[in-house]
Amino acid sequence: MAELLTIGELSARSGVAPSALRFYEKLGLIHSTRTGGNQRRYERSELRRVSFIRISAQVGIPLETIKEALASLPANRTPTRGDWARLSRNWRVHLDRQIALLERLRDTLTGCIGCGCLSLSHCELANAGDRLATRGSGPVILTVGSE
């Protein structure tokens with residue numbers, strides 16, 4: 001039988017807090033078995049899944065989307081390089097939107113927060129009469145797809 005990891009060992013190896021690991025398990029992103037004393041034990045393959053989750057989440061992929069991606073893999077199999085390539089191709093549109101938003105934010109943040117709130121002295125010029133309010137709430141200038 002393969003060596004099983006405790007939640008503390010999985011946490012130390014992955015850099016993910018035990019509370020987050022329990023949350024991932026509750027969402028069905030990772031799986032454990034239980035000892036007779038009801039302690040969690042993880043297959044070593046879960047370490048790669050946790051890394052996959054962590055990297056995916058860092059680039060802005062929602063956990064529900066990550067769950068769907070992991071569910072597309074055969075049970076008890078860690079994502080391979082080929083799996084990552086296939087899954088990341090499917091996420092390209094989302095990542096491109098994130099990149100566009102970050103670039104727009106970088107390029108306009110010092111001059112305007114993009115919300116149409118008229119809180120900056122020159123917003124009256126960029127957003128006279130609060131016309132951006134008709135485009136919705138929040139940072140409508142910076143929001144992806146708003147231009």
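These are my notebook entries on what I looked up in this structure, which is a predicted model.

**Entry 1: the chain as a whole**

I began with the secondary structure of the protein chain, which comes to 7 helices and 3 strands. Reading from the N terminus on, I wrote down the order of the elements as β-α-α-β-β-α-α-α-α-α. I then looked up burial, and found that buried residues make up 27% of the 147 residues in the protein chain. For the surface I noted that the protein chain exposes about 9,200 Å², of which carbon and sulfur atoms supply 55%. Turning to contacts with a separation of 6 or more, I noted that residues 24 or more positions apart account for 55% of them in the protein chain.

**Entry 2: the sheet**

Next I asked in what order the strands of the sheet lie. The edge strands are β1 (4–5) and β2 (33–34), each of which pairs on one side only.

I then went through the pairings one by one. Between β1 and strand β3 (residues 40–43) I found 2 bridges in the antiparallel sense; Leu4 stands opposite Glu43 in β3, while Leu5 has Tyr42 of β3 as its bridge partner. On the β2 side, 2 bridges join β2 to β3, and these strands run antiparallel, with Thr33 standing opposite Arg41 in β3. The hairpin of β2 and β3 has 5 residues between the strands, and there I noted that Asn38 takes a positive phi near 65 degrees.

**Entry 3: Ser56 in helix α3**

Moving on to the helices, I looked up Ser56, whose place is in helix α3 (residues 45–58). Is Ser56 buried or exposed? Its relative accessible area is 0%, and since buried means under 20%, Ser56 counts as buried. I also wanted to know which residues Ser56 is in contact with once its neighbours within four places in sequence are left aside. They are Ile61, Ile66, Trp84 and Trp91.

**Entry 4: the aromatic pair**

Trp91, already noted as a contact of Ser56, came up again when I turned to aromatic rings, for which the count comes to 1 aromatic pair. The ring centres of Phe52 and Trp91 are 6.0 Å apart and their planes stand at 45 degrees, which is why the pair is tilted. Where in the chain do the members of the pair sit? Phe52 is in helix α3 and Trp91 is in the loop between α5 and α6 (92–108), so that, at 39 residues apart, the pair links distant parts of the chain. Finally I checked the burial of the two residues, and found that Phe52 is buried and that Trp91 is buried as well.

Notes
Residues numbered from 1 in each chain as written. Predicted model: local features only at pLDDT ≥ 70, side-chain atom pairs only at ≥ 80, totals over all residues. Heavy atoms only, no water. Pairing = 2+ DSSP bridges. Helix = DSSP H or I, 4+ residues; strand = E, 2+ residues; numbered from the N terminus. Buried < 20%, exposed > 50% of the residue type's maximum accessible area, 1.4 Å probe, protein only. Contact = heavy atoms within 4.5 Å. Areas by Shrake-Rupley, 256 points an atom, 1.4 Å probe, with all protein chains shown as cover. Phe/Tyr/Trp six-rings, centres within 6.5 Å; stacked < 30°, edge-to-face > 60°.
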